[in-house]
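This briefing is meant for someone meeting the structure for the first time. It begins with the chain as a whole and then turns to a handful of individual residues.

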Amino acid sequence: MKFSINNLCPCGSQKKYKKCCKMYHDGTLPKDALTLMKSRYSAFATNNSKYIIKTTHKDNCDFTNDIKSWKDSIESFTQATEFRRLEIIEFIDDIKESYVTFKAVIFQNGIDASFIEKSRFLKEDNKWLYVDGEIKE
């Protein structure tokens, strides 16, 4: 399903996607880890596997040089998931390493699969990247 650029952005900003996360998906670098986290959520919601891959740190457990299988895996997840809402719980900002705790309200096959995660981001070569996350109970 194609996502309209005139829809509200999945990140929850209340702006149209074309005036919000689309700019990051098109190449603008997010200014901080929080912006990257929101744009990654939007990338999952809009089935933009290329952006997810591009913004994942090489130390992430999902990172692979087999881009085709990685892309297929992301797209399989996004197509089976309904992304309903993103809630930011905490943002710990620093110069090189930052953390964002969030709740992703998602459904898979009509079943609530929502989760809370504390994500870790590193800034390398002036670019924020997602390293890993810890699922909270």
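**Overview of the chain**

Of the 137 residues in the chain, buried ones make up 39%. The model is a predicted one, and the description below should be read with that in mind. The chain holds four helices and five strands, and when it is read along the sequence these elements follow the pattern α-α-α-α-β-β-β-β-β. The radius of gyration is 14 Å, close to the 14 Å that the globule rule gives for 137 residues, so the chain is as compact as a globular protein of that length.

**Dimensions, surface and charge**

- Along its principal axes, the C-alpha trace of the chain has spans of about 40 × 35 × 35 Å.
- The accessible surface of the chain amounts to about 8200 Å², and carbon and sulfur atoms account for 49% of that surface.
- When contacts between residues at least 6 apart in sequence are considered, 39% of them join residues at least 24 apart.

**T78 and its surroundings**

- T78 belongs to helix α4, which covers residues 67-79, and it counts as buried because its relative accessibility of 7% falls under the 20% cut-off.
- The side chain of T78 reaches the backbone oxygen of E75 at a distance of 3.1 Å.
- Once neighbours within four places in sequence are set aside, the residues in contact with T78 are F44, N47 and F83.

- As background, most residues other than glycine have a negative phi.
- N47, which is in contact with T78, is not a glycine and yet has a positive phi of about 60°.
- N47 sits in the loop between α2 (33-45) and α3 (49-54), and its relative accessible area of 26% makes N47 partly exposed.
- D125 is likewise not a glycine, and its phi is positive at about 50°.
- The position of D125 is in the loop that lies between β4 (115-124) and β5 (127-136), where D125 is exposed, with a relative accessible area of 78%.

**N60, in a loop between helices**

- N60 is found in the loop between α3 and α4, and at 7% relative accessibility this loop residue counts as buried.
- Not counting residues up to four places away in sequence, N60 touches Y130, V131 and D132.
- The strand β5 spans residues 127-136, which gives a place in the sequence to look for the residues that N60 touches, namely Y130, V131 and D132.

**K16, ahead of the helices**

- K16 lies in the segment before α1, a helix that covers residues 22-25, and with a relative accessibility of 39% K16 counts as partly exposed.
- Apart from its neighbours within four places in sequence, K16 is in contact with I5, N6, N7, L8 and C9.
- K16 and T81 are 65 residues apart along the chain, and their C-alpha atoms are separated by 21 Å.

Technical notes: Residues are numbered from 1 along each chain as its sequence is written. This is a predicted model: local features need pLDDT of at least 70, side-chain atom pairs count only at pLDDT 80 or more; totals for chains, interfaces and linings use all residues. Side-chain values use heavy atoms; hydrogens and water are left out. Helices (H or I, at least four residues) and strands (E, at least two) are DSSP runs, numbered from the N terminus. The radius of gyration is taken over C-alpha atoms; the globule rule is 2.2 Å times the number of residues to the power 0.38. Buried means under 20% relative accessible area, exposed over 50%, partly exposed in between (1.4 Å probe, protein chains only). Contact means heavy atoms within 4.5 Å. Accessible areas come from the Shrake-Rupley method with a 1.4 Å probe; for residues, only the protein chains shown count as cover. A polar contact is a pair of N or O atoms within 3.5 Å; within protein, one must be able to donate a hydrogen and the other to accept it, and residues adjacent in sequence count only if both atoms are side-chain atoms.
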